[in-house]
Amino acid sequence: QVQLVESGGGLVQPGGSLRLSCAASGTIFSIGDMGWYRQAPGKQRDLVAAIDSEGITRYADSVKGRFTISTDNARRTVVLQMNSLTFEDTALYYCNAEVQATIAPRLNYYWGQGTQVTVSS
């Protein structure tokens, strides 16, 4: 089994910054894409940022230039640095990872439990 544990959410004022971290553990042979999604109340879960195994990143248009996604060298932790936060960034943020558990080429997708980000004055 694989666990994704997120940390770093909280309450921040508009214009502030937060850093979300997600650590993967368990039976892992390799990890492909890793990403962050968010879901605001009454809305669907949307991609915020993702990074593939080559380090290529992609971002939602609404966060480009403000958020940065990165991983550690072992690709077991993915970090989302969020700057210039606005009210619209308030949501529950989820980590996602594409995991190959063994040498067999089979991928499974895992989600973290979510961490709340609230932007409020």
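Predicted model: local features only at pLDDT ≥ 70, side-chain atom pairs only at ≥ 80, totals over all residues.

**Stop 1**

Select W36, L80, M82 and Y93. These residues have the most contacts inside the largest nonpolar core, which has 30 residues. Now colour the strands that give two or more residues to this core: β1 (2-7), β3 (18-26), β4 (30-39), β5 (46-51), β7 (67-71), β8 (77-82), β9 (91-100) and β11 (115-119). Which element gives the largest share of this core? That is β9, with five residues.

**Stop 2: M82**

Stay in the core and centre on M82. Beyond residues up to four places away in sequence, M82 touches G16, S17, L18 and L20 on one stretch of the chain, and also R66, F67, Y93 and V117. Y93 is on the list of residues with the most contacts inside the core, as is M82.

**Stop 3**

Select β9, residues 91-100. Is this strand mostly covered or mostly open? Mostly covered: nine of its ten residues are buried.

Next, show the partners of β9 one by one.

- β4: the pairing with β9 is antiparallel and spans eight bridges. Pick M34 to find its bridge partner A97 in β9.
- β11: this strand also pairs with β9 in the antiparallel sense, over three bridges. Look for L92 opposite Q116.
- β10, residues 107-111: five bridges join this strand to β9, and the two run antiparallel. V99 has N108 as its bridge partner. Follow the chain between β9 and β10 and you trace a hairpin with six residues between the strands.

**Stop 4: R38**

Go back to β4 and select R38, which lies in that strand. Is R38 buried or exposed? R38 counts as buried because its relative accessible area is 14%, and the cut-off for buried is under 20%.

Now show everything in contact with R38, leaving out neighbours within four places in sequence. The list holds Q44, R45, D46, V48, S62, V63, F67, E88, D89, A91, L92 and Y93. F67 and Y93 are also among the residues that M82 touches.

Terms used. Residues numbered from 1 in each chain as written. Heavy atoms only, no water. Core = buried A, V, L, I, M, F, W, Y, C linked by side-chain atoms within 4.5 Å. Buried < 20%, exposed > 50% of the residue type's maximum accessible area, 1.4 Å probe, protein only. Helix = DSSP H or I, 4+ residues; strand = E, 2+ residues; numbered from the N terminus. Contact = heavy atoms within 4.5 Å. Pairing = 2+ DSSP bridges.
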